[in-house]
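Subject: Model handover

Hi,

Here is the structure you will be working with. Please open it alongside this note.

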Amino acid sequence: MVLAELLQAAGLPAPAAAGGAQVASVVSNSRKAVEGSVFCCIVGGSADGHDFAAQAVEKGAVCVVAQRDLGLPCQLLVEDTRAAYGALCAAFNGFPADRLKMIAVTGTNGKTTVTTLIKQVLEYTGAKVGLIGTIQNEIGEVKLPAKFTTPEPDDLHGLLANMCRAGCEYAVMEASSQALDQNRLAGVTFQVGAFTNLSQDHLDYHGTLENYFQAKAKLFAQCRQAVTNLDCPYGRRIPQLAGIPVLTCSAQGEADLTASDICQRADGVSFTLCYRGERCPVDIKMPGLFSVYNVLSVAGVCLSLGLPLAVVAKGLCHCKGVYGRAEVLYSGDFTVICDFAHTPDALQNLLETIKPFVKRRLIVLFGCAGKRDRTKRPKMANTVADFADLMVISSDNPRDEDPYVILEDTVAGVRDRGVPYHLEVDRYYAIRWAIDEAGPGDVVVLCGKGHENYQAIDTCTVYFDEHEIVKRALEERRERP
């Protein structure tokens, strides 16, 4: 594509020096710049793209999009380089979001489950669907690795373009608060946006819970319709903020879409979906009241897309569940469950669901992340202590923070709770200890990693798959006399 044409398509003025240069890529990382790149200077938390613009030009960039004068050839000054970056990536890829029915889900907990189940329900109707999220990206049945929950604009629009080429009708994605705050979704219009819930998380980035909510709420300025959870206080604010048609959901009171006759089991939950006088039974293989709320969000989105309630209910009953979300890794004389819960709210939802079905002891292994909100650590420990008969406190992603300091922060609030605990900074040995400790009727819950197959330690990313570790620990336990 010719540079002047790209800038015009993105709604940006073409500098006099633009000429007829051919554009090979649109990037914000100077290391990815090549001959013919358009380089966008993004101001980040730890680095400023303006400092690397000259390097991009040396590597062949034909245009530099900046917020201040750098004295470079073919320089284009804009007020917001993040917004310009999104517009340029969309234009370079032929505006793929305009050719798809875009769906976004935001909230603290449930985004991965809700987006995955939306994809499965839509596929049940025969549609081809793309997915962008935390665990992986998917184009129909093709699975691709995911670096971020919500990709940067170049990766995002490239993925959407590939979905169009593959014949996808829908694209379902998670919208993280950081991505929304950083305008990674600038220029994308969503057919439906859903809000699941909000609780304490990412305050190291946003500072306050209100800032965190406002970042989430930015999504709905880009949506034609919204779905929200009225049982969450923040969810009740969406109809006033959105300014668009909103489908409301509740498992406790009145709403457009409700769940009644809820029956929880160790291996799942059944209930009745009620919408505009219609009632349809649903039975899913995912336990917990939080699963009911996730399903309400899924059903709300699908109804907003025009699907009949009966079709949505049947599609939900055919759903396969989600990898690393309340996933049973072993079920025998004792049980091992893996889940991504890593906030006080998510831990409470998970553990209060499992506790009633535990015959003997609930053994909970968890850790707190390094270089993240320290105020969450004692809250997480106290939440676990409310339900656990034995706590195993270990590492999650310590990053370059001293893991022993993290453990001390975590355990400080529960030393006087009377709940026994075992400290093991190495998560590998902590898992092995928990499984060796388990006896008949016990349930071992591994919290915090879920689908993740790595640990962030110091400045490195280390391969760490709890599915494999549990399998190996169980085999070694069986082999011992």
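Below are the conventions, followed by the findings, grouped by region.

This is a predicted model, so local features need pLDDT of at least 70, side-chain atom pairs count only at pLDDT 80 or more, and totals for chains, interfaces and linings use all residues. Residues are numbered from 1 along each chain as its sequence is written, and side-chain values use heavy atoms, with hydrogens and water left out.

Helices (H or I, at least four residues) and strands (E, at least two) are DSSP runs, numbered from the N terminus. Buried means under 20% relative accessible area, exposed over 50%, and partly exposed in between (1.4 Å probe, protein chains only). Contact means heavy atoms within 4.5 Å.

Threonine 410 sits in helix H14, residues 403–411. Its relative accessibility is 1%, so threonine 410 counts as buried. A polar atom of its side chain lies 2.7 Å from the backbone oxygen of isoleucine 406. Setting aside neighbours within four places in sequence, threonine 410 contacts Phe366, Cys368, Arg377, Pro378, Ala381 and Ile393.

Three of those names return at the helix pair: Arg377, Pro378 and Ala381 in H13 meet Ile406, Asp409 and Thr410 in H14. The two axes come within 7 Å and cross at roughly 55°. Axes are lines fitted to C-alpha atoms, for helices over the stretch in contact, and angles run from 0 to 180 degrees between N-to-C directions. H13 and H14 are therefore oblique to each other. For reference, under 35 degrees is roughly parallel, over 145 roughly antiparallel, 65 to 115 roughly perpendicular, and the rest oblique. The crossing of H13 past H14 is right-handed, meaning the near helix is turned clockwise from the far one by less than a right angle.

H12 covers residues 344–354, and its buried residues are Pro344, Ala346, Leu347, Leu350, Leu351, Thr353 and Ile354. They pack against several elements, among them strand S13 (257–265), helix H10 (289–304) and helix H13 (376–385).

H15 spans residues 427–437, with Arg427, Ala430, Ile431, Arg432, Ala434 and Ile435 buried. These pack against S18, S19, S21, S22 and helix H16 (466–479). Aspartate 426 caps the N-terminal end of H15, with a side-chain oxygen 2.9 Å from the backbone nitrogen of tyrosine 428.

**Cysteines**

How many disulfides are there? Taking a disulfide as a pair of cysteine sulfur atoms within 2.5 Å, the count is zero. Cysteine 40 is in none, and the nearest cysteine sulfur, in cysteine 89, is 6.5 Å away. At 0% relative accessibility, cysteine 40 is buried. The sulfur of cysteine 232 is 12 Å from the closest cysteine sulfur, that of cysteine 249, which is too far for a bond. Cysteine 232 is buried too, at 7% relative accessibility.

**Loops**

Most residues other than glycine have a negative phi. Arginine 399 has a positive phi, near 55°. It lies in the loop between strand S19 (390–395) and H14. Aspartate 458 also has a positive phi, of about 55°, although it is not a glycine. Its loop joins strand S22 (454–457) and strand S23 (460–463). Aspartate 458 is exposed at 52% relative accessibility.

Proline 356 is in the loop between H12 and S18. With a relative accessible area of 59%, proline 356 is exposed. Its C-alpha atom is 9.2 Å from that of arginine 265, 91 residues apart along the chain.

Best wishes

Terms used
A polar contact is a pair of N or O atoms within 3.5 Å; within protein, one must be able to donate a hydrogen and the other to accept it, and residues adjacent in sequence count only if both atoms are side-chain atoms.
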